[in-house]
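Subject: The structure to look through

Hi,

Here is the structure I promised you. Have a look at it first, and then read my notes below with the model open beside them.

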Amino acid sequence: MVGSPVLLIAIPLLAAFMIPLLGMIWKELVRIIPGLVLAFMMISSASMLMYVTNNGTIIQTLAGWEAPWGINLVFSPLTAFLATLMTFMGFIVWLYSYRFKRNVDFEPAKKYFIFLMMLVAGAVGIVITGDIFNQFVFIEITGISAYALTAFYTGRNSAEASFKYLLMGALSSSALLIAIAIIYSQLGTLNMADIASKIHLMPAGYKVTALIFFMMGIGIEAEIFPLNGWAPDAYTEAPGPIGAAFAGIVVKAGVYAMVRMVFTLFDVSGAMDILLTIGLITLIVAETAAIRQEKLKRMLAYSSIGQMGLVFVAFGIGTLEGVYAALFLMLNHAIIKPLLFLSGSQLVFNSKEKLIKEVNGLGKYMPFTAVLFALGSFAIVGLPPFAGFWSKLSVLTAAANEGMLLIIALILIVSVIEIVYYFRVVNRIYFFDKAEDLIPQKPRVNAVIAMSVLGAIILIIGFNPDVVSTVLHNASADLMDTPQYIKNVLSAGQSLTN
Amino acid sequence: MIYLIFVIFLGGAALTWLSGKIHPILRDVVFLASLIVPSVLFYMNVEVGQTVSFSLIGYKLSWGINYLGYLFSYIVVGLGVLAGFYAIPAMKGKKNLGFFYSNFVLSIMSMLGILFSRDLISFFIFWEIMTWSSYLMVVFQGKDVQKVGIKYFVFSAIGAYAMLMAIVIIYSLNQSMMISDLVSSFASFDPTMQWLIPILLLVGFGVKSAMMPLHVWASGSYSHAPMAYTSIFSGALSKMGIYGMVIVMVSLVPIIPEGFWLRETIAWLGAITAVGGTLWAVAQDDAKKLLAYSSVAQLGYIIVGVAVGTPLAMLAALFMAVMHGLFKGALFMVTGAVERQTGTSNFTEVTGLIRKMPWTFLAALMSIIALAGIPPLGGFVGKWMLYESLIGSSHYILVIVIFFSSTAAFLYCYKFLFGFFLGQEEKEWAHVKEAPAMMVVPMLLLAFGTFVLGAFPGLILDPINAGMQEMGFASTQGKYWEMSMLFNEWGDQIMLQPILYAIIAVFAFFAIFLTIKGFKKTRYVTTKDISSSGEVPLEHENLTFSVNFFQPFLRTVEPLMKRQIDKYYNEFGRGMEALFDFTRRVYTGNGQTYALYAVIFIVILLMFKNTLFGL
Amino acid sequence: MELTLNILGAIATIVLAFIVGMSYGGIVRKITARIHNRMGPPWYQNFIDAFKLIGKTTAINHGIMQHFGPAFVMVSSIVSLMFIPILNNGGWFTNLNFDGDLIFLIYIMVFGPLGMALGAGQTGNPNSAIGVTRGLSQMVGFEIPWVMALVALMIQFDTTSVTGLMEAQHETGRWMMFTSPFAFIAAVLAMLGMFRYSPFDIVGAPTELASGPVSENGGKYLFTMMSSGSIFAFVKLTLYVDLFMGGADNLIILVLKTFALYMVPVLYGIVSPRYRTEQSIKFFWGWPTFFGFIAILYAVFV
Amino acid sequence: MENQMFEILRYGIYGGSISLILIGLYAALTKRSLIKIVIGLSIVDGGIHLLLIAIGYVKNGTAPIFSPGFENAVDRMVDPVPQALVLTAIVIGFAVTAVALSLVIRLYRHHHTLEIDEIKNLKW
Amino acid sequence: MKKLIVILLLAVTGYFLVDSFMDLGRTGPVVETGVKDFYLDKTVSELKVANTITSIVVNFRGFDTLGEVTVLFLAATALGGILYKRRHHVGERSVLFPSSPIVRAGSKLLFPAIVLLGVYVFIHGHLSPGGGFQGGTIIATGFLLMLLAYDNFSVSHNVLSFIESFAGIFFVLFGFAGMWAGGTFLENFLPVGTMNNLFSGGIIPIVYILVGFKVAAELTGLIYTVLHEKES
């Protein structure tokens, strides 16, 4: 086991504070240090994931106070899985964006990489923390990094997108604070496990009101339907790799937070159905919106939102299989959508408007990127033998086991829509003639490595999904087992007498 | 061994692609090797009934071949290898050949995989690989990709997803993905599921086998893929739909109470497909389109046979499936050869190639005769059994409809031969040469296959019989067929050998009679030298008759053809896109509106929290 | 030995069919002329034409398909002749009666037109191709009532073989034109088209200038086609007699019955103007098909 | 009497803080100017902070500081946790407001307007 | 119309908010003994810190505070990023009106006092109301005052950067030190001393002082950045 959970947060924070100083010593350090930190986080969380798989959950207390009094970090199979995924994606995004466009300059690069690192650290924090207020703080860390990254380019639209994101984010934090206030006023505690063990004492009306405010607050981060207006804009205007990071990291953290609320914290019976319904609406609206898009990244953004809807549908099924399927979907989406964003932004590298029609005929000029984009498209629409198929299959199986035939049909119909818009793009890449004034940009070596790693993972999972199924099974069992979670977190604390 | 076959296929596909970067010849060799080696291994080393099992994320998967699969493997592998040989000269000089060849290998692999699948998951996986590899072939030439390609894939996806839905329902009811478990426990499902599952599966298979009303992709896709591929696309790939349909119709539908109506519906859909396909084929001016619609029509017959499901009908359907693979494969190859030599496949442009491409013509002639179902070639056997089975099973109106369709088929059969090979020999095509031997030999082999099966249908009826016995039919040998004899339900018989000999004898006699007194002495005159009401047409006068070929007929059947399903689909698609365009306007672009949505969201949840959260 | 006998029998059948068919053709020409108030050729005119044609030297050809086209046509007529019982009760002219059935007959009868169409196609004469398209279209028209009639018979007697149907007639002792009248009506109406006399003669358009499918053929080609046509006429008439009029016990009865039947299209044709192709198709898909449908219903429910 | 005072105070403080939230939301949802929207969000934040402080209040409460003379006033001490949370929340709210204002500056620089209705290049 | 809808929506929201909180005083929380009692207890008994809020902010929930200063740090960096221009005009400001002599003189007078007050507030954070945030903010107001009063008042960006970085780094390093000494991150590993002494509470005052420096530097930086944003 390398490191401990707290290092996943502390090391990037330390690095973030140090980077401005180190940048004065050697300018290249502002690019290299975040990479090293992200690599450390990746290795550390992966090794801890292995440890957790074998030895059970790690509960790390902070400041010497056991739960529920101090803040604690929970590194359970579920959170370990998500943390590993996020740090890995963070590293890939770092690798890709090394000297990407504006990052060649010193000042922008410094900020870019600090924010990227903090984006990952914040998302990991959201996942591994065991305290709702601490989670709120991490949501804000992620949020501010995300606003800043969205506004990274100096064009006029990036500020607009960022402002919308910020407006929604501010509403989100308000809602979260209200929810926290309700919870704290009733239960007098902020620790998740403690809340979970006491939530049944709370009057139902307050409980549901708190849950609703939580849902709104986190729903904005998790891009559920009426709350996701910011998402397409932010994805479109943020730099390509940041779009990948949003899709692969930030949203996943939001989904995790939502699911943790619904599954562990609250014992409200109808919440699953709400998740299911919201997920379905999100899925349908987003995918239908995607089909008419003219900008590549915007299309990918809507697709990403739709996929998150599907994840919520899978969680909303509410069974162990449903959770497993949802986690599988999250994994696949976290691998595939970044690949699409990375290769897609390479395809529209030199175009101003980033229109879909500007990828026409690029298959000849940038064959490798084009192939990876096509691979990603094939995988995301769920064609076997690529990764996306297995998750789609498990979602459908889970739904079928609950007899939700209408939902299966809806998911599949939406998948057809998804096929239409993805294949339209792939067709354009390969079978159309290139616009003459567009100069294709060969990807840099680091970008090629980043993309091909993702492509290779898609193929590996596609051909042998068993490489991840154990981890996913552990994670889903972990999420479903609330009593165990409470016991894990509070066991040390209960023995303390106060 | 089974794994090895698939590994070789997969590795072959990848190697083909890579070796194309080194040298084209190496690529061709690797391509052929990766088709032939696994095929040989398959026939040498794989026995029927031999299975391998493994488990993947909790699903038990099992691969092995059964008799029915073995039968279809003849179509797949045979046609695949021949088309592979054909492809090399046919595709010469095109771009992206590595891509083409590896997709080709993948297609063959996936089809063989479908036949090997003993469980629904691997069936579906191979099915989808087949779909996207064929999709990549459809768009390979880059024409109309957004329209034709997307249409093909959307329909395939609808089919595949219907199938997937059925699969997950089955899994939820059965907790097993094995096809055999499905069959054995199907009777215990509740009636809704008993209806739903076969219908969903049939939608899936119906798309691939171009059944009405799911056929609209077929004409475009068949005609847009390179002809070297279309021969297996139409000849073998569409048979996978038939394969699945056979399993559903034989193993599941009889168990459903009132399943009779499902059968009838499918049979009627098949018949309508046949009629519609034929009429549209008659109306086409492009050989590829004509053959595409003809494929639709032929698949209609097969569907009728499968749906009717009596032993004789099943024999007929499966025999016709094999025959269709042979002659349609050959005809697409012919079209490909003509297209390669002349650069177009339009009847209104190409004429009079018979003297330039005699061998191609021979292959086309035999295949057309087989297609039209005229004795003594194999097409007749299938048609005969189909009619007899329909009459024998009291489908009287159906038999008339089928008969109408197959009579109307003569029209396009003639159009195909006349359009390409007969008629005026224009100067424009004077330079045309016969296609390379490597292209001609595969088509002649296929055409010869129809001839052999016409005289000795028992050769292929034997494996069909084995496959049917496996599915629970009683043996039909001796009851419905012998090596070269056929019987119907009432014991009436057809002796194929005397027929063949009589035909050969009469033909030989008159051929000699016509030839003996100095065919050599007769003088060949150009096609301008005709008795045209006493006038002598000049060289530059274009006398070719090819526009509006069957106009009177088409005018008669116009009311039938006015209702084009394609139009409704297009309108539906446009309507949906307009709707989507409308719905996405919820994203107004105004940040404040989004904030308002958030408040509306929370208000709705708060107001209805009692109902929503079950308080 | 048996083979030799069989071959001789077959040859005898062919000769019989040739003679009868040719004579009918001549007689029809005579009758037509008389009704038109002309003298007309003698009844044996067709024989004279045939022998003249066979004596001619063929000077030109348009290629291999045109060369073999007549052979295809002949295959169709002769093979179908082989499969049709000429007389009741077996014995004479059995040939291949038991080796095929009605469906086979329907199909082998198409073989000829197709061969002719191919041969005509190669000549390059656009009129030939136009004729072919008309002929094939019209064939689609009349096949429907014809097949409906046959299916009605098959249903009624649970057999698809000609001999079987004849035996069934023999057992009941009643002609099928009485036991299944609607089928007969449909079949006869279809026959009008099958013989291509007026009003369905737009295919060959014989009274216009030389055109139609056979227009480029001369000499032996035309002879083969002509004789094939005569044999084919005999085949069709015999088939109708076998199916609907109880067959024939000897040749005289056969000739009488066939001649009587033959007069139906001939006389109908003489007094009719010509239909255009789509008109004739619509004709066949009108009343004849209706009668065929009734016939099937009749067969199913009666 | 004392109770009544407390009740009034309670209504006042809860009602006031919730009103602040609503007023802020109203501003954020209806005002056209970006600056006013940001101000609205700040008001919402303020309301929430007040609300948080209010829920920690106990009757006759005293500050949770063990300064000399208050060592044994534990029972009367108000809940310190919300105050700590509010401290954090204020800083976060401040940070967000700062970023928001900087974005407004940039939007104004590009669009030369603060009307939110006119800043919608990204839509659908 | 829109306003009416918004008012209606907000009325509903308000109703439910009131519904959720108004009962609190009457019925009280369902769980009587929350974590606060523990905090109040341990603050006195173990940490020897008078100000419970400080003990919570810095020790019990110190991790939150670390996150919080990070948020601030990120906001400051984000501001720089968002308002970043390639040509940075040092010394030019968008606030163009000249300030009156009274303001200038007053500012000069007040500035040291303000800074001193700020320092006092964060040094005594564990004893009396106040702390790092409060103190830092007070110091920043001093700088704000100076910036408003003097057109050419400038703060070295590098110095600010140094201060905020070092403060942050030491915060994290103290956390690590706790880990290294006592076993958990941010653990109070120094002797706690006696209650109500300046040198008491272990690392709590130290951390709070760091926080104070950091907040002061960052807020000053923020103000400085915004002030120097100029219409281009």
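Strands (E, at least two residues) and helices (H or I, at least four) are DSSP runs, numbered from the N terminus.

The partner of β2(A) is strand β1 (residues 58–61) of chain A, and the two pair in the antiparallel sense over 4 bridges. Strands count as paired if DSSP finds at least two bridges between them. Within this pair, Q60(A) has L73(A) as its bridge partner.

Before going on, please keep in mind that this is a predicted model: local features need pLDDT of at least 70 and side-chain atom pairs count only at pLDDT 80 or more, while totals for chains, interfaces and linings use all residues. Residues are numbered from 1 along each chain as its sequence is written, and chains are lettered from A and ligands numbered from 1 in the order in which they are written.

Now to chain B. Its domain 1 covers 1–257, domain 2 covers 261–526 and domain 3 covers 587–615; these bounds come from an automatic or database domain assignment. The centres of domain 1 and domain 2 of chain B, taken over C-alpha atoms, are 24 Å apart. Their contact takes 44 residues from domain 1 of chain B and 47 residues from domain 2 of chain B, where two residues are in contact if their C-beta atoms, placed from the backbone, lie within 7 Å. Which helix gives the largest share of the domain 1 side? That is α10(B), with 16 residues. By class, this side of domain 1 has 32 nonpolar, 11 polar and 1 charged residues. Ala, Val, Leu, Ile, Met, Phe, Trp, Tyr, Cys and Pro count as nonpolar, Asp, Glu, Lys and Arg as charged, and the others, Gly among them, as polar.

Chain B also holds an open sheet of 3 strands, in the order β3-β4-β5, with antiparallel pairing. Its edge strands, β3 (481–482) and β5 (493–495) of chain B, each pair on one side only. β3(B) pairs with strand β4 (residues 485–487) of chain B over 2 bridges, and E482(B) stands opposite M485(B) in β4(B). Helix α19 (residues 496–516) of chain B lies across β4 and β5 of chain B, at about 45 degrees to β5(B). For that angle, axes are lines fitted to C-alpha atoms, for helices over the stretch in contact, and angles run from 0 to 180 degrees between N-to-C directions.

How do the chains meet? Among the 7 pairs of chains that touch, chains B and C have the most contacts. There, 70 residues of chain C are in contact with 59 residues of chain B. α5(C) gives the most to the chain C side, with 17 residues, and by class that side has 40 nonpolar, 20 polar and 10 charged residues. Strand β6 (residues 523–524) of chain B pairs with β1(C) in the parallel sense over 2 bridges, and R523(B) stands opposite I60(C) in β1(C).

Between chains D and B, 9 residues of chain D are in contact with 11 residues of chain B. No contact joins chain C and chain D, whose closest C-alpha atoms lie 55 Å apart. Chains A and C have no contact either, and their closest C-alpha atoms lie 40 Å apart.

The largest nonpolar core has 708 residues, and F319(B), L417(B), V151(C) and V99(D) touch the most other members. Such a core is a set of buried Ala, Val, Leu, Ile, Met, Phe, Trp, Tyr and Cys residues joined through C-beta atoms within 7 Å. Leaving aside neighbours within four places in sequence, L417(B) is in contact with A364(B), L365(B), I368(B), L422(B) and L118(C).

Last, chain E has 9 helices and 0 strands, and 51% of its 232 residues count as buried.

Enjoy exploring!

Notes
Buried ≥ 20, exposed ≤ 12 C-beta atoms within 10 Å, placed from the backbone.
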